[in-house]
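Please look over the sequence and the model shown here, then read on.

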Amino acid sequence: MKAAVNQKLTEMGERDRLKELLRAKLTECGWKDQMKAHCKEVIKQKGLEHVTVEDLVVEITPKGRGTDHCCLTSALITAPGRPPSTSR
């Protein structure tokens, strides 16, 4: 199902537009700055010599996914140029 939706979005040219909208909204909502600050905190606690990119991904992924994204949900639902929903 996920692959079919992804393929349809790509065919319609919406996938890239939605990715850009998502990036902009994450920045606007402060999510990107929160994740950057969390990375800096992890590096400070563990020491630069003892942290890998993989370590950072493991540390920040739960926080990134757990952050409130209500501004994103409404932005993506009401995105300008969004095709009308189709009935099944």
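This is a predicted model: local features need pLDDT of at least 70, side-chain atom pairs count only at pLDDT 80 or more; totals for chains, interfaces and linings use all residues.

In soluble globular proteins, nonpolar side chains tend to be buried together.

Beyond its neighbours within four places in sequence, Ile60 is in contact with Met35, His38 and Cys39.

## Helix H4

The buried residues of H4 are Leu56, Ile60 and Gly64, and H3 is included in what covers them. Ile60 also marks a kink of about 35° in H4, shortly before the proline Pro62.

The 14 residues of H4 should span 20 Å at 1.5 Å a residue, and this agrees with its end C-alpha atoms, which are 20 Å apart.

## Salt bridges

The salt bridges number four. One of them joins Glu14 to Arg17, with the closest N and O atoms 2.6 Å apart. Both residues lie in helix H2 (residues 14–28), three residues apart, about one turn of the helix. Glu14 is buried, at 12% relative accessible area, whereas Arg17 is partly exposed at 27%.

Also in helix H2, and again about one helical turn apart, Arg23 and Glu20 meet in a salt bridge of 2.7 Å, N to O. Arg23 is partly exposed at 45%, and Glu20 is partly exposed at 49%.

A further salt bridge, 3.2 Å from N to O, pairs Lys46 with Glu59. Lys46 belongs to helix H3 and Glu59 to helix H4, so this pair ties together parts that are 13 residues apart in sequence.

Conventions
Residues are numbered from 1 along each chain as its sequence is written. Side-chain values use heavy atoms; hydrogens and water are left out. Contact means heavy atoms within 4.5 Å. Helices (H or I, at least four residues) and strands (E, at least two) are DSSP runs, numbered from the N terminus. The expected span of a helix is 1.5 Å times one less than its number of residues. The bend at a residue is the angle between axes fitted to the seven residues ending there and the seven starting there. Buried means under 20% relative accessible area, exposed over 50%, partly exposed in between (1.4 Å probe, protein chains only). A salt bridge is a side-chain nitrogen of Lys or Arg within 4 Å of a carboxyl oxygen of Asp or Glu.
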